[in-house]
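Subject: Structure handover

Hello,

Please find the structure below, followed by notes on what was found in it.

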Amino acid sequence: MRLHFFRHAIAEEARDGKSDHQRELTSEGIERTRTAARVLKQLRFEPDHLFSSPLVRARQTADILAEGLGVAVQVRPEVGPGFNVDAITRLTHNLGDADVLFVGHEPDFSNTIYAITGGRVLMKKGCLVSVEVDPGPSLRGSLSTIIPPKVFSRLI
């Protein structure tokens, strides 16, 4: 199984009575995500499943990626704040050897990746990190890909 983690894109600051959950992507965040989706499509990145946090900024990011990659979004509360290895286990237990893309938040993503791989990563907004999961019952694996957001804009 391959697990891919995409941190939501640049979002507006919390203000004007909006809660953190309601923050939307900025126009720059939208454009950067469209660019990332085009690059991923050119790289033949084809996830079998896309799970998104229900927070607005993550859902908007997931929708843009889903449109560009031709995959459906499944909004799941497990991918929201508090995401961890247990959430991955619950979401992937019947998926076999699938490519699974999660769209969510920091610091949960980097902490979860560390728990799986022992590798520390810095996930900027709009970053993709991929992990190859070892066969077996425990969720252990190795970092295989890191694409920072600035690289996406240079690859288009």
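Leu3 is in contact (heavy atoms within 4.5 Å) with Ile88, Thr92, Val100, Phe102, Ile116, Val129, Ser130, Val131, Val133 and Leu139, leaving aside neighbours within four places in sequence. This is a predicted model, in which local features need pLDDT of at least 70 and side-chain atom pairs count only at pLDDT 80 or more, while totals for chains, interfaces and linings use all residues. Residues are numbered from 1 along each chain as its sequence is written, and side-chain values use heavy atoms, with hydrogens and water left out.

Leu3 also belongs to the largest nonpolar core, which has 22 residues. Such a core is a set of buried Ala, Val, Leu, Ile, Met, Phe, Trp, Tyr and Cys residues joined through side-chain atoms within 4.5 Å; buried means under 20% relative accessible area, with a 1.4 Å probe and protein chains only. Along with Leu3, the residues with the most contacts inside this core are Phe5, Phe83, Ile88, Phe102 and Met123. At least two core residues come from each of strand E1 (2-7), helix H3 (85-92), strand E4 (99-104), helix H4 (108-117) and strand E5 (128-133). Helices (H or I, at least four residues) and strands (E, at least two) are DSSP runs, numbered from the N terminus. A second, separate core has 18 residues, including Ala36, Ala58, Ala62 and Leu65.

The sheet is open and has six strands in the order E3-E2-E4-E1-E5-E6, with mixed pairing; two strands pair if DSSP finds at least two bridges between them. E3 and strand E6 (141-147) are at the edges with a single partner strand each, so one side of each has no neighbour in the sheet. E5 and E6 are antiparallel over six bridges, and Val129 is opposite Ile146 in E6.

Helix H2 (residues 56-69) contains Arg57. In H2, the buried residues are Arg57, Ala58, Thr61, Ala62, Ile64, Leu65, Ala66 and Leu69. Their cover includes E1, helix H1 (27-42), strand E2 (49-52), strand E3 (73-75) and E4. After H2 comes Gly70, with a positive phi near 70°.

Is Arg57 buried or exposed? Arg57 counts as buried because its relative accessibility is 5%. Its side chain makes a polar contact of 3.2 Å with that of His8. A polar contact is a pair of N or O atoms within 3.5 Å; within protein, one must be able to donate a hydrogen and the other to accept it, and residues adjacent in sequence count only if both atoms are side-chain atoms.

Regards

Methods
Buried < 20%, exposed > 50% of the residue type's maximum accessible area, 1.4 Å probe, protein only.
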